[in-house]
Each structure stands twice: as C-alpha cells, then as structure tokens.
Amino acid sequence: MTHQLVISDLHVSVGDKEIIRGLSLTVNSGEVHAVMGPNGSGKSTLAHALTGRPGYTITGGSATLDGVELLTMSPSLRTREGLFLALQQPLEIPGVRPTDMLVAAGANPATVHESLRREADFVALRPEILERFVNVDLSGGEKKRAEIVQLGVLQPHFAILDEIDSGLDVDALGLVARRLFAATSEWGLGIIAITHFRRLLNELQPTTIHVMSAGRIVASGGPELAEILERDGYEPFRAQ
Ligand code: ADP
Ligand code: MG
C-alpha cells in the first residue's frame, strides 16, 4: 500500500514572527525529498511544526497523511499515524528506556528487543547503548544513530530528518544513509531529509531537491540542483 504526505500552504509563527510563509510539499511512499537552504530559512521550524512541538503556532495551511489532518493531533498520535521525526538536536529523556518509548509509540513488545538489536547492527551501534535512558550520556553521533535505530524499529510511513548527518563521521554517515535508502524499498519509507551535505544525498539518491529560503520553497529540481548549490551557494535563490 502506498501513502502520501501532503503539506499545503503551511504558515507557522514562533511568537509573533511568521517563519514558514506558505510552504507546500508532497511526498509519496518510497520517495526521498531533500530540503536544503541557508541558516535561518526555517528548515528546523518546519520539522518542529510537523511534529507538534509547543511554541510553534500553525497560522494557516495543512499537513495530511493519506487525507487525515495531522496538525490538530497530539505529537504521539502523529507518531502512531506513521510520521517519524529525527530532530537536529535529539532530546535526552532521563528515566525512559528506548524499548519502553518504542512500545509506547506502537512497536510490538514481543519483538522490540530483537528489532532493536538488528537495527543497531545496521548502523554499527553497540546494543548496550540502547539499554541506557533515551539519549542520556550518548555522543552526538551515537544519538543520531540511535534515532535511525528507532526509525527502523517503528517502520513509519514518513520520516523527517533534520540534519541527521551532523555529528556523524564519514563511516557512520554512510551506514545511516544506506539504512535509510534500504528502508525506502523495504517498507516504502518516504523521507524529507533536511541537509547541507551532498555526501548524504549521494547515498540517499533523492527523488527531488528543494531549496528553502525565508520560509518558502523557492526552487525544486533533480540531483543537478545539489551540484548547482555547491558551485554557486544559496545567494542566487534567496527570496525577498
Ligand atoms: P534553519 O533550521 O533553516 O537554520 P530555523 O527554523 O532554526 O532555521 O530558524 C528560522 C528562523 O526562526 C530563525 O530566524 C530563528 O531565529 C527563528 N526561530 C526558530 N525557532 C525559534 C524560537 N523557538 N524562538 C524564536 N525564534 C525562533
Ligand atoms: Mg536547523
């Protein structure tokens, strides 16, 4: 079965400042959409708004998964609907074990330990690390890999990955990118990957690359767009 995530004319404010200013993006199962753009263009705000983080006010537009509006749901219901978010700075949750969190998010309690071990193996994360409280005392790179492990266990329909590459060394980056790419065919994962780096895109093979500026998508294209960005920077795409 294929699924569709449709973000339509989204407007998001933080305080009284409008940061996302009319953003539309459609992702189908198995597709990889890269979102690139200069610092402060609203990429992380997009991720936070879609996950329902308090303080991010939706002032217009919609985000639907198979026609069901997500933006009025609680964050945990969004996860249960099949939306997974990997934050730029993963949260530490003292007192909560990864397995408990995953079961609360919908993972099968009978198989969660086995799935965790298999997924940890994919990204070369020592399984003992997943017995600690969620993200507590993990290095930056370990947190990023732990997020991918959670994703692999939950098998969401769609994942929004905010700079999943930051803090990863080259080897870990390759493992993470290959795990994500495999997921697009294994269960049809659709991905929105926010990134600055072409190295991730080389492995992830995006369907479409979008350039974001001042809260909007100002250009979309194929892999050639990443090359143009690397050569010319974001300046030619800057919105007014
Ligand atoms: P990006 O991820 O593209 O670098 P962000 O979405 O983090 O950009 O930020 C976009 C703009 O929104 C910036 O000007 C930033 O200062 C502002 N912003 C984001 N979150 C907050 C917040 N919680 N409070 C105040 N301003 C914010
Ligand atoms: Mg950001």
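Start by selecting helix 8 and finding E230 and R231: these two are exposed, and they sit on the face turned away from the helix's buried side. Keep in mind throughout the tour that what you have open is a predicted model.

**Stop 1: the two faces of helix 8**

Now colour the rest of helix 8, residues 224-232. Which residues are buried here? They are L225, A226 and L229. Look down the axis and you'll see that these three cover an arc of only 100°, which puts them on the same side of helix 8. There is a handy rule behind this: an α-helix has 3.6 residues a turn, so residues three or four places apart point the same way.

**Stop 2: ligand 1 and its shell**

Next, select ligand 1 and show the residues that surround it: V14, K17, I19, P38, N39, G40, S41, G42, K43, S44, T45 and Y56. Colour them by type and you get four nonpolar, six polar and two charged residues.

Zoom in on the oxygen atoms of the ligand. One lies 2.8 Å from a backbone N or O atom of G40. Click on G42 as well, where a polar backbone atom is 3.1 Å from an oxygen of ligand 1. Then try K43: this time the side chain takes part, with an N or O atom 2.8 Å from a ligand oxygen. How much of ligand 1 does the protein bury? Taken alone, the ligand exposes 560 Å², and the protein buries 60% of that.

Which elements give two or more residues to the shell? Highlight strand 2 (17-28) and helix 1 (43-51) to see them. Helix 1 supplies the largest share, three residues.

**Stop 3: the magnesium ion**

Move on to ligand 2, the magnesium ion. Which protein atoms are its donors? Pick OG of S44 and OE1 of Q88, which lie 2.1 to 2.4 Å from the ion. This pair links distant parts of the chain, 44 residues apart: S44 belongs to helix 1, while Q88 is in the loop between strand 6 (83-86) and helix 3 (98-104). With a relative accessible area of 27%, Q88 is partly exposed.

**Stop 4: A86 in strand 6**

Select A86, which lies in strand 6. Is A86 buried or exposed? Its relative accessible area is 1%, so A86 is buried.

**Stop 5: two alanines with a positive phi**

Here's some background before you click: most residues other than glycine have a negative phi. Now go to A124, in the loop between helix 4 (112-122) and helix 5 (140-154). Its phi is positive, about 55°, although it is not a glycine. A124 is partly exposed, at a relative accessible area of 48%.

Then jump to A214, in the loop between strand 9 (208-213) and strand 10 (216-221). A214 is not a glycine either, yet it has a positive phi of about 45°. At 30% relative accessibility, A214 counts as partly exposed.

**Last stop: L168**

Finish at L168, in the loop between strand 7 (158-162) and helix 6 (170-186). Why does L168 count as buried? Its relative accessibility is 13%, and buried means under 20%.

Conventions:
Residues numbered from 1 in each chain as written. Chains lettered and ligands numbered in written order. Predicted model: local features only at pLDDT ≥ 70, side-chain atom pairs only at ≥ 80, totals over all residues. Heavy atoms only, no water. Near = heavy atom within 4 Å. Polar contact = N/O pair within 3.5 Å; in protein donor to acceptor, adjacent residues only side chain to side chain. Areas by Shrake-Rupley, 256 points an atom, 1.4 Å probe, with all protein chains shown as cover. Helix = DSSP H or I, 4+ residues; strand = E, 2+ residues; numbered from the N terminus. Nonpolar A, V, L, I, M, F, W, Y, C, P; charged D, E, K, R; others polar. Donors = N, O, S within 2.8 Å, 3.2 Å for Na, K, Ca; no water. Buried < 20%, exposed > 50% of the residue type's maximum accessible area, 1.4 Å probe, protein only. Arc of directions from axis to C-beta.
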